[in-house]
Amino acid sequence: MTPDAFEFERFCDDLGPAQVVHLHDPSSGLRAVLVVDNVACGVSLGGVRMAADVSVDEVFRLARAMTLKNAGAGLPHGGGKAGILADPKSSDRERLIRAFACAIRTLTDYVPGPDMGTDETCMAWIHDEIGRAVGLPRVIGGIPLDEIGATGFGLTACAEVAAPFCGLELSGARLAIEGLGNVGRPAARFLAEKGVVLVAASDSTGAVHDSEGLDVDALIAAKAASGSVTGYEGGEKISNEALFEVPCDILIPAARPDCIHEGNVDAIQARLIIQGANIPATAAAEARLHERGVLVVPDFIANAGGVICASVEFHGGSEVSALEQIAAKIVKNTREVLRAVRDEGFSPRKAAVRLAQRRVEAAMGLRRAF
Ligand code: NAD
């Protein structure tokens, strides 16, 4: 097989990708990859990841995830993703981001947003160069999705629908969160307002557990002051791995990919897992959870709050409208997926992929076929 044929074999299927573009600008040192996966539903929307080790495979998987997430959320957008090969702490960051913007100027099927290693300031630089980016600072018309906790807000709407499907009452339910960041922190706050009791939380530096409940505001304040959840006074300090084993009803992974795996899946005590992070469980672990009767709401259904917010911003909507749309769309999708699980015996992942793929295929059916 020639290398070219191999590349096609590796990536192409009935959905995409439409474009895999290598971007190289020797004068700035820019090396980047853009994958536009599918644009049947509209121009592709997806984040720009900056990392020294980002690969074409990773960008492709993330672009496909965006196709499903955007279609699943009923947004008029396809899926795309970009990866800039560089250390996000590089002193050349602004130059690289601006060079990236110039390199994608004519690739108008893609609208960039923030992702790991980039933020709203980076999006402002891109917007300044080419007039096209989402996740912008408020001062230039953006809806700052992390500041308003868009994804955590959506996870809470998702939990309200999912809890009854596994016989849980949210009020009084015990919660563990892996990763108290831009997703985990607002999820903890919004769920506490519903009476959920946070019993364990972690970040990259460690974890804290209290079966009687952690004080969410005090925990967030302690992390802000000391840089770590272990700065919280009270509770028991546990390892990051032990967080997955604590007695709880709901688990929200909100940090690393594949943190739920064959090695820890049987120790998980939660009855409901809401996937805040992208791809937080291996396929085998997800299958095992389904076998054990643990209800898992897949990432691209549960964590779509951020991209719904970005889409509302792109179309000129307000923060209020963004929050309304996040709640409405996530409630509807979670209900549809979990009904298919209950009534048709599907795994949640299979039901979610079917929901999203049907929408992409319906949109593809409206395009000219050569
Ligand atoms: P973030 O950087 O704001 O927060 C991540 C948190 O996880 C930090 O507190 C970090 O200390 C912690 N962490 C890192 N490694 C850890 C480990 N090994 N164990 C426990 N905690 C660890 O990132 P974020 O924006 O909250 O994103 C988290 C995940 O959610 C990512 O997978 C991201 O792709 C996904 N996601 C984010 C959004 C969003 O709106 N920000 C939307 C959808 C999906």
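Predicted model: local features only at pLDDT ≥ 70, side-chain atom pairs only at ≥ 80, totals over all residues.

The ligand is surrounded by 22 residues. Among the closest are Thr 151, Asn 182 and Val 183. Ser 204 and Asn 278 also belong to that closest group. By class, six residues of the shell are nonpolar, ten are polar and six are charged.

For Asp 146, an N or O atom of the side chain is 3.2 Å from a ligand nitrogen. For Asn 240, the corresponding distance to a ligand nitrogen is 3.1 Å. On its own, the ligand has 830 Å² of accessible area, and the protein covers 73% of that.

Now step along the chain from Val 183. Helix H6 spans residues 184-193. Its buried residues are Gly 184, Pro 186, Ala 187, Ala 188 and Leu 191. What covers the buried residues of H6? The cover includes helix H5 (150-165) and helix H7 (216-226). Strands E6 (174-178), E7 (197-203) and E10 (250-253) are also part of it. Just after H6, Gly 195 has a positive phi of about 90°.

Phe 11 lies in helix H1 (residues 3-11) and Phe 60 in helix H2, so the pair ties together parts 49 residues apart in sequence. Phe 11 is buried, with a relative accessible area of 6%. Phe 60 is buried as well, at 12%.

Back to the pair at H6. The ring centres of Phe 153 and Phe 190 are 5.4 Å apart, with planes at 75°, so this pair is edge-to-face. Phe 153 sits in H5 and Phe 190 in H6, so the link joins parts 37 residues apart in sequence. Phe 153 is partly exposed because its relative accessible area is 23%, and the buried class stops under 20%.

Is Val 246 buried or exposed? Val 246 is buried, with a relative accessible area of 6%. Leaving out residues up to four places away in sequence, Val 246 touches Ala 176, Ala 200, His 209, Ile 238 and Gln 269. Val 246 and Gly 131 are 48 Å apart, C-alpha to C-alpha, and 115 residues apart in sequence.

Just after H4, Gly 131 takes a positive phi of about 70°. At the start of H4, a side-chain oxygen of Asp 119 comes within 3.1 Å of the backbone nitrogen of Thr 121. Among the buried residues of H4 are Cys 122, Met 123, Ala 124 and Trp 125. Ile 126 and Ile 130 are buried there too. The buried residues of H4 pack against strand E3 (44-51), helix H3 (93-103) and strand E5 (110-114).

Helix H2 (residues 56-72) holds Thr 67. Thr 67 is buried, with a relative accessible area of 2%. Beyond four places in sequence, its contacts are Asp 37, Asn 38, Gly 79 and Val 360.

Last, the backbone details. Most residues other than glycine have a negative phi, and most peptide bonds are trans. Ile 279 has a positive phi of about 40° and is not a glycine. Its place is the loop between E11 and helix H8 (283-292). Ile 279 is partly exposed, at 31% relative accessible area. Asp 258, also not a glycine, has a positive phi of about 55°. Asp 258 lies in the loop between E10 and strand E11 (272-274). It is partly exposed, at 37%. Finally, a cis peptide bond joins Gly 16 and Pro 17, with omega about -5°. Pro 17 lies in the loop between H1 and strand E1 (19-25).

Conventions:
Residues numbered from 1 in each chain as written. Heavy atoms only, no water. Helix = DSSP H or I, 4+ residues; strand = E, 2+ residues; numbered from the N terminus. Buried < 20%, exposed > 50% of the residue type's maximum accessible area, 1.4 Å probe, protein only. Contact = heavy atoms within 4.5 Å. Near = heavy atom within 4 Å. Polar contact = N/O pair within 3.5 Å; in protein donor to acceptor, adjacent residues only side chain to side chain. Areas by Shrake-Rupley, 256 points an atom, 1.4 Å probe, with all protein chains shown as cover. Nonpolar A, V, L, I, M, F, W, Y, C, P; charged D, E, K, R; others polar. Phe/Tyr/Trp six-rings, centres within 6.5 Å; stacked < 30°, edge-to-face > 60°.
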